[in-house]
Every structure is written in structure tokens, then in C-alpha cells.
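This briefing covers strands, nonpolar cores, aromatic pairs and a few loop residues. Please keep the sequence and the model open while reading.

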Amino acid sequence: MILADLQSRVRIALTNTLVEEWTLFTPTTGTSRPSERTIAFHLGWYVRQTVDRTWDVDAEYDRSGMVLEQSVRYDGHVPNLIVHHRGLLGPEHNLLLVHVAVDSATDEREGPGIETALALQRRFGYRYAMLLDLRLLTEGRRASVTPYWQWTTLEHGPEHPEPAPVYTDRVLAEITERARRAGD
């Protein structure tokens, strides 16, 4: 699968996550913000619907025939989501590694950067790695997201030096409006 095709599929999955799971992102009765793990689970649920059934989609997957619990941790982080063939190694079996951040700009604990994604990508031979920062803001009972992503390929490294918006402003406004209507 080429990068542009995978990006389109992940964009569709993110759109479905935002629209169908909008209440996950909105503040309710004083609850805390959603965790990266929770968001990654829901994103993975929708990624599963966009990729061929031969791929396995797992959240925080950290097992194989060897002890990986420590070896998959770089700077204390484990990938939130991976698309792979379980039990098989190499780029032909490891498609995508994802790290999700709720809002890396205001998070007091720094999330992994592109260097961490590259290190994991190279260590396990993932064709693609993606950092997704939702940039979730809440004001009262209203929420907004402004997702940015940064992609890297095993062959060429980072696609761009800095994260880029997932959507244009117009498309994001339409998605947010649909999500709010669906969540009401």
C-alpha cells in the first residue's frame, strides 16, 4: 500500500471517529479528557474498516515470540496502534505504527517525537509511522479538535519536517458540525 492511499484510509477512519464518537471528546459532568489509549482504540476500530481483512489492527500491542515489553518502549512510550500481521516480522508484515496525542502542546508530559517513531519504525520494520496530535481544546461543555499529523516512511524518513493539518479549515468545520449534530 502506498503512503497516499494509507493516509486517505486513516483520514476516513479519523473522520468516522470524530463524527461517531464525538461525545468521547466533549466534556460531560466533570469527567476528565479522553486518554490516548481510548482514542487509539476507537481510531483502530475505524481503521479496521478501511484496510484489507488480512491486516490485524491492535492497540498497544507489545508481544511476540520474544520479550518485547521493554524493547518496544522508547522514552517510556509504546505505540498506541499498529497495523500488522501478528507473529510475522519485516516491512511486508508491519504496515503502520501510530502514536496518538490528545494535545501535545499543553500536555505537561512530553509525548514521543518523530525521532521516537523513527526508532520504533526501524527497530520493527514498519513501512509507515504516524504521529497524530488531536489538539483537543475544551471550553465549558464545548470541545474542538484541530488534528495534525506527521508521517514517516521506512525508506525515506519523515515526509515533512513538521506536523501538517489533517484537514483543511473548511473540511474540519464541516466534520465538527456533523459530529456535534450526531452527538446531540
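Predicted model: local features only at pLDDT ≥ 70, side-chain atom pairs only at ≥ 80, totals over all residues.

Are Trp22 and Phe25 buried or exposed? Both Trp22 and Phe25 are buried.

**Aromatic pairs**

- Three aromatic pairs turn up in a search of the whole structure.
- Trp22 and Phe25 make one of them, a tilted pair with 6.0 Å from centre to centre and 40 degrees between the planes.
- Helix H2 holds both Trp22 and Phe25, which are three residues apart, or about one turn of the helix.
- Phe41 has a relative accessible area of 45% and is partly exposed, whereas Trp45, with a relative accessible area of 53%, is exposed, because the exposed class begins over 50%.

- On one pairing, E4 runs parallel to strand E3 (residues 94-101), with six bridges between them.
- Leu97 stands opposite Ala129 of E4.
- E4 also pairs with strand E7 (residues 148-153), here antiparallel and again through six bridges.
- Met130 faces Trp151 of E7 as its opposite residue, and Asp133 has Tyr148 in E7 as its bridge partner.

**Strand E7 and its other partners**

- E7 is mostly covered, with five of its six residues buried.
- E7 runs antiparallel to strand E9 (residues 164-165), and two bridges join them.
- The bridge partner of Trp149 in E9 is Ala164.
- Strand E8 (residues 157-158) is likewise antiparallel to E7 and joined to it by two bridges.
- Thr152 has Pro158 in E8 as its bridge partner.

**Nonpolar cores**

- Nonpolar side chains tend to be buried together in soluble globular proteins.
- The largest nonpolar core has 38 residues, of which Leu96, Leu132 and Trp151 touch the most other members.
- Two or more residues of this core come from each of helix H1 (3-20), helix H2 (22-25), helix H3 (36-48), strand E2 (81-84), E3, E4, E7 and helix H5 (169-183).
- H1 gives the most to this core, namely seven residues.
- Apart from this core lies another one, of nine residues, and Leu97, Ile114, Ala129 and Leu131 are among them.
- Leaving aside residues up to four places away in sequence, Leu96 touches Leu6, Val10, Leu81, Ile82, Val83, Tyr126, Tyr128, Ala129, Met130 and Trp151.

- Arg135 is located in the loop between E4 and strand E5 (137-139).
- The phi angle of Arg135 is near 50 degrees, which is a positive value in a residue other than glycine.
- Arg135 has 28% relative accessibility and therefore counts as partly exposed, because this class lies between under 20% for buried and over 50% for exposed.
- Arg135 sits over the face of Tyr148, 3.6 Å from the ring centre; Tyr148 is also the bridge partner of Asp133 in E7.

- Thr54 belongs to the loop between H3 and strand E1 (56-59).
- Thr54 counts as exposed because its relative accessibility is 52%.
- The side chains of Thr54 and Asp52 are joined by a polar contact of 2.7 Å.
- Thr54 is 30 residues from His84 in sequence, and 8.8 Å separates the two in space, C-alpha to C-alpha.

Key
Residues numbered from 1 in each chain as written. Heavy atoms only, no water. Pairing = 2+ DSSP bridges. Helix = DSSP H or I, 4+ residues; strand = E, 2+ residues; numbered from the N terminus. Buried < 20%, exposed > 50% of the residue type's maximum accessible area, 1.4 Å probe, protein only. Core = buried A, V, L, I, M, F, W, Y, C linked by side-chain atoms within 4.5 Å. Contact = heavy atoms within 4.5 Å. Polar contact = N/O pair within 3.5 Å; in protein donor to acceptor, adjacent residues only side chain to side chain. Phe/Tyr/Trp six-rings, centres within 6.5 Å; stacked < 30°, edge-to-face > 60°. Lys NZ or Arg CZ within 6 Å of the ring centre and 35° of its normal.
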